[in-house]
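Have the 3D view open as you read.

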Amino acid sequence: MKSLIRSIIALFLALACTGVLVSCIGESPWQVYKILFTSAFGSLSAFNYTLYYATPLIFTGLAVALAFHVGLFNIGCEGQLYMGAFATAVIGTYIPAQSSFPLLWIALMILVAFLAGALWGIIPGLLKAYRGSHEVINTIMMNFISISLLTYFALYHFKDHSIQAIATPLIPETIRIAKLSSWFPFEHTSPANFAFFIALGTAYLLYIFLWKTRYGFEYRAVGKSLQVAHSTGINVKKVLIFSMALSGGLAGLVALSEVLGHLYRFKEGFSHGYGFLGIAVALLGRNHPLGIVLASILFGALHNSGIALEFDTAHISRDLVGVIQGLIILVTTSDGLFELPWMKKILKNMKLSILQKGKA
Amino acid sequence: MDEKNSKKYEAFYSAEGKGIMLWLDLAFWVSLLSSTLRLSTPLTFAALGGFFSERSGVVNIALEGLMLIGAFAAAWGNLYFQSSVAGVLCGILAAMLVASLHAVACVKFKADQIVSGMAINIFAFGLAPMLSKALFGTRGSSPQILSEIHMQTWNIPLLEKIPFFGDVLSHHIPLVYLAIVFVFMTHLWSKKSALGLHHRAVGDHPEAADSLGIKVNRFRIVSVLCSGVLCGLAGAFLSIGHGSGFARNMTSGRGYIALTAMIFGKWKPIPTFFACLLFGFTDALQIRMQGTPLPGLGEIPPQFVQLLPYVVTMVVLAGFIGSSQAPKALGIPYIKE
């Protein structure tokens with residue numbers, strides 16, 4: 001409850017700061033807030049796009065959160081999701097176009113996406129466990145390596161020459177994940193797909209894993225204190241290595257919504273910084289799967305409304321969204337801010353009013 | 001030209017021949033080394049910025065974002081005031097302002113320093129193009145800075161007369177020299193002055209520093225602001241020194257490279273400078289290797305050469321540099337008892 005209130009306060013503070021910035025540029029903040037809201041939730045198709053942008057963020061948010069619980073910082077989601085996407089797109093082209101068991105093939109592709117991401121995640125894990133080198137620098141380096149390397153392969157070895165962009169050929173119908181519009185009353189062209197529900201399922205599985213299994217207990221114990229975990233007989237090295245692999249694998253699953261669900265191919269620059277936003281999402285969701293899902297929808301909504309912002313105002317570009325996101329993260333992580341006297345007062349009043357409502 | 005000669009001529013300029021000849025050419029080395037010096041300049045500034053912040057105990061992965069803001073503000077200042085000096089000052093001021101957010105969040109509000117750094121990066125990568133749209137009309141780039149108001153190159157008297165070295169070391173814009181001067185000044189300051197000693201004490205043993213009467217948190221805030229100033233210089237170099245205008249994403253990962261150069265240099269100014277030169281060299285090499293084959297190896301795709309600094313960093317981190325090299329209180333907020 002307390003963390004929820006804090007996240008909400010962070011959101012409002014960030015929006016207030018943005019309002020000041022917007023009025024400095026000479027636009028009306030209220031107009032901007034209105035556009036932000038209506039273009040994210042105002043219509044069915046707007047909501048569909050919000051879900052579409054939220055899906056990869058759920059995966060990367062979960063990936064970052066898992067590593068967080070072990071006390072590790074996975075900034076490498078961007079590289080890991082590139083690996084997952086590339087592996088599924090390339091291996092996907094070899095899948096037969098006609099098959100009577102499409103679900104089996106899709107399950108295989110999910111495994112491929114997971115393993116490719118895990119491969120990229122396990123390397124910093126190994127380096128951390130055996131060489132003690134800091135995972136933050138290593139994962140940042142591995143982002144650059146993976147993006148550069150995959151651009152090379154996509155350009156010179158797997159390029160689809162029928163289009164101009166650096167992209168691999170289309171994957172067959174067999175392994176494409178259905179659009180939400182086939183079940184729900186969305187427009188036919190809208191991009192959100194069933195990977196969203198897979199993401200929700202993954203969030204639930206991660207919750208079970210972290211809080212209801214022995215392994216999850218070990219992982220969180222390592223996150224609390226390496227020394228204590230070690231002296232209670234937990235194999236710390238194993239936990240460090242496998243948690244990074246799992247985290248990378250979760251990031252790799254972004255391929256489901258992007259490659260299998262919408263683009264049907266690997267395309268250079270397909271990720272709109274999902275890996276980095278995953279950190280924000282995990283933080284805002286306080287590393288809890290449910291919080292991450294909610295935070296992902298919020299960030300997906302923000303991302304979605306950026307484009308509308310550019311069309312509907314004269315001087316503001318979609319980059320305003322980045323400003324809001326950055327401010328939200330900054331405020332959320334500033335623990336001391338919530339211990340200032342005036343902030344404590346607000347927190348107390350909010351809690352009281354919520355309690356009173358609960359009683360009434 | 002008879003047939004024999006023309007064949008020789010063809011062989012000389014065939015792909016392989018050209019590749020070999022290039023490596024024996026003195027002019028090629030002059031241009032390679034002088035561009036190494038230029039390309040390592042923004043890295044040097046930003047890495048020194050990282051040095052100031054991290055030696056005082058505040059992790060700073062926001063170098064990238066601070067550089068971008070510096071680059072934008074410098075371009076704006078240069079265009080608005082029609083003077084490159086004003087541009088540089090604007091870049092410094094803007095980067096310092098954004099750095100103050102990081103400083104306040106990390107030092108005053110005990111934020112997680114890595115998260116705060118990421119937040120600053122996301123913030124800056126939104127803010128710079130947003131302001132570009134508001135002030136210049138496009139989110140992509142600023143108008144070009146014409147040569148009349150562009151920063152001019154300086155020649156160093158005497159030095160420019162020396163063959164080869166003169167050509168490599170002279171004819172640069174003042175910021176290149178300033179970076180080198182800063183490296184040595186920082187080294188002396190850190191090693192020889194009382195303030196420099198305090199700076200290191202704050203990062204290694206904040207409790208001890210506090211008991212000596214050093215204001216730990218104030219020292220850290222000023223250190224982070226210093227890193228903002230240096231990142232502003234780095235950004236200004238990119239947009240109005242080396243380039244002629246601001247472009248979206250023009251830092252392209254240099255902030256992170258600078259950070260690793262600093263770690264590579266074990267949090268010390270002079271080794272950091274050499275790491276920056278190394279990364280600058282691979283960058284300069286990569287530009288020249290596009291389309292020119294290496295003798296014996298054939299043509300190496302530019303993407304692979306681009307990877308070199310990253311791979312080298314990882315190998316070095318895994319092989320040689322333990323965590324003992326880092327400032328001891330790095331990343332830990334100081335709470336006075």
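Start with the secondary structure of chain A, which has 15 helices and zero strands. Its radius of gyration is 21 Å, close to the 21 Å that the globule rule gives for 360 residues, so chain A is as compact as a globular protein of that length. Bear in mind that this is a predicted model. Along the principal axes, the C-alpha atoms of chain A fill a box of roughly 60 × 60 × 40 Å. Of the 360 residues in this chain, 53% count as buried. Look also at contacts between residues at least 6 apart in the sequence of chain A: 76% of them join residues at least 24 apart.

Now zoom in on helix H11 of chain A, residues 254-263, where nine of the ten residues are buried. Among them are A:Val254, A:Leu256, A:Glu258 and A:His262. What do the buried residues of H11(A) pack against? Their partners in chain A are helices H3 (44-69), H4 (77-92), H5 (102-131), H7 (195-212), H10 (236-252) and H12 (274-284). After H11(A) comes A:Tyr264, with a positive phi near 65°.

Finally, turn to the meeting of the two chains, where 39 residues of chain B are in contact with 39 residues of chain A. On the chain B side, two or more residues each come from helices H5 (84-108), H6 (113-136), H12 (254-264) and H14 (302-319) of chain B. H6(B) gives the largest share, 15 residues. By type, the chain B residues on this side divide into 25 nonpolar, nine polar and five charged.

Terms used. Residues are numbered from 1 along each chain as its sequence is written. Chains are lettered from A and ligands numbered from 1 in the order in which they are written. This is a predicted model: local features need pLDDT of at least 70, side-chain atom pairs count only at pLDDT 80 or more; totals for chains, interfaces and linings use all residues. Helices (H or I, at least four residues) and strands (E, at least two) are DSSP runs, numbered from the N terminus. The radius of gyration is taken over C-alpha atoms; the globule rule is 2.2 Å times the number of residues to the power 0.38. A residue is buried if 20 or more other C-beta atoms lie within 10 Å of its own, exposed if 12 or fewer, and partly exposed in between; C-beta atoms are placed from the backbone. Two residues are in contact if their C-beta atoms, placed from the backbone, lie within 7 Å. Ala, Val, Leu, Ile, Met, Phe, Trp, Tyr, Cys and Pro count as nonpolar, Asp, Glu, Lys and Arg as charged, and the others, Gly among them, as polar.
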